[in-house]
Amino acid sequence: GIYGWGESGVAFRELAVAGAIKHYREVLIGRDPMQIGRIWQELYRSQYFEGGRVLLGAQSAIDIALHDIVGKALNVPVYQLLGGKQRDYIPVFATAPGTGDTLIANIRTLLDHGWNSIRVMWQNPEEDPLIFEPRESIAMTSKSLIDVREALGTDFVLGIDYHHRLTVAETASFCQRLPSGTLDYIEEPIRDESPEAYAALRRLTDVPFAIGEEFASKWAFVPFIERGLTDFARIDVCNVGGLTESMKVAGWAEAHYIDLMPHNPLGPICTAASIHLGAAAPNFSWMEVWNSPVNQGRNHYDENIFPVQHKLEGARFPVPTTPGLGVEVNEEYIKEQAFKFAEAPKLRRRDGSVQNW
């Protein structure tokens, strides 16, 4: 009678993940959910073509659900399964939208409400949101960040996410336009497939890097941790292999004095799993969250679907005391809905060539 919930982070490829879970279903039925670590190893290693984002997205969801089951069976919160509570609350960062005076006003609102870690996004001067010209963006964005610091000072953490839309040269140009100390980190400025590219970028700027949200397993983190190519581990518990793999990455990062900064763009299950990870990991900075006084999040937090979910208290989540993850899902409501196919926006340069989303 005990059940657990999990979530996959492979957005816009849900049908592929669902197919992988159908395969795993055949080997999971009848297994002891208490064997979380053993099950992780079997799902990963008992196939020739192991790993990859789709398979690890499916495995992440299963692993999180198993932790939820075991926590409920033992009547303890999931973080107790991970070594126990390290902190009493989970600090979070907010994303401030807007440009120019609107951006400054939104950041001021967050500061007034007690938020001290704030991220902004890339700026795009093009009216057509599907056209992205990197050089025009970095000119506009660098000026915007300088204006923010001049207007609001340096007493808060300020980061930026460029969503891997730049090249090494473009990122270097962007960072070099900023006075020293403007940014506390730059997140995912270039694609992550090439550690060598990040090594080249590290030689061109001293702005800290926040990397890892796309990594599917501890092995993807290896060169970035071992070679000092990330300063914050943007681990995504729903991509990396669940809580089992997340704790291994956390220990590896701790050995290199790197804090976790969990990627949390999904819904209440990912949020809950990230909260439990943050409660148990000693090396932790801030967790991403989309609900704030200037950004009311997404309909992924719909209480019709998730009648029980974790709630922010100011700029933090209290560490829960309820068994399992602490999230409930209204299955009857879900059954009344239809799956809606969705794709990420298809960005292009002005010349018609493809641009990273």
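D112 is located in helix α5, which covers residues 100-112; helices (H or I, at least four residues) and strands (E, at least two) are DSSP runs numbered from the N terminus. The model is predicted, and local features therefore require pLDDT of at least 70 and side-chain atom pairs pLDDT 80 or more, whereas totals for chains, interfaces and linings use all residues. Residues are numbered from 1 along each chain as its sequence is written, and side-chain values use heavy atoms, with hydrogens and water left out. D112 counts as exposed because its relative accessibility is 63% (buried means under 20% relative accessible area, exposed over 50%, and partly exposed in between, with a 1.4 Å probe and protein chains only).

The chain as a whole contains 12 helices and 11 strands. Its radius of gyration is 20 Å, close to the 21 Å that the globule rule gives for 357 residues, so the chain is as compact as a globular protein of that length; the radius is taken over C-alpha atoms, and the rule is 2.2 Å times the number of residues to the power 0.38. The C-alpha trace spans about 60 × 45 × 45 Å along its principal axes. Of the 357 residues, 51% are buried. Contacts (heavy atoms within 4.5 Å) between residues at least 6 apart in sequence join residues at least 24 apart in 71% of cases. The accessible surface amounts to about 16,200 Å², and carbon and sulfur atoms account for 53% of that area; accessible areas come from the Shrake-Rupley method with a 1.4 Å probe, and for residues only the protein chains shown count as cover.

L243 belongs to helix α10 (residues 242-255) and is buried, its relative accessible area being 0%. Apart from neighbours within four places in sequence, the contacts of L243 are D63, I64, H67, V78, L82, V237, A273 and L277. R227 is 16 residues from L243 in sequence, and their C-alpha atoms are 24 Å apart. Q59 belongs to helix α3 (residues 53-74) and counts as buried at 1% relative accessibility. With neighbours within four places again set aside, Q59 contacts Y24, W40, L43 and Y44. The C-alpha atoms of Q59 and A172 are 36 Å apart, with a sequence separation of 113 residues.

Most residues other than glycine have a negative phi. N75, in the loop between α3 and α4 (78-81), has a positive phi near 60 degrees and is exposed at 57% relative accessibility. H164, in the loop between β3 (157-161) and α7 (168-176), has a positive phi near 50 degrees and is buried, with a relative accessible area of 9%.

The second largest pocket has a volume of about 190 Å³. On a 1 Å grid over the protein atoms alone, a pocket is an open set of points where a 1.4 Å probe fits, with protein on both sides within 12 Å along at least five of seven lines, and lining residues have an atom within 4 Å of a point. Grid points are joined across faces, edges and corners, and a volume is the space filled by probe spheres set on the points. The lining comprises 14 residues, with N291, S292, H310, K311 and L312 nearest the pocket centre. Six lining residues are nonpolar, six polar and two charged; Ala, Val, Leu, Ile, Met, Phe, Trp, Tyr, Cys and Pro count as nonpolar, Asp, Glu, Lys and Arg as charged, and the others, Gly among them, as polar.
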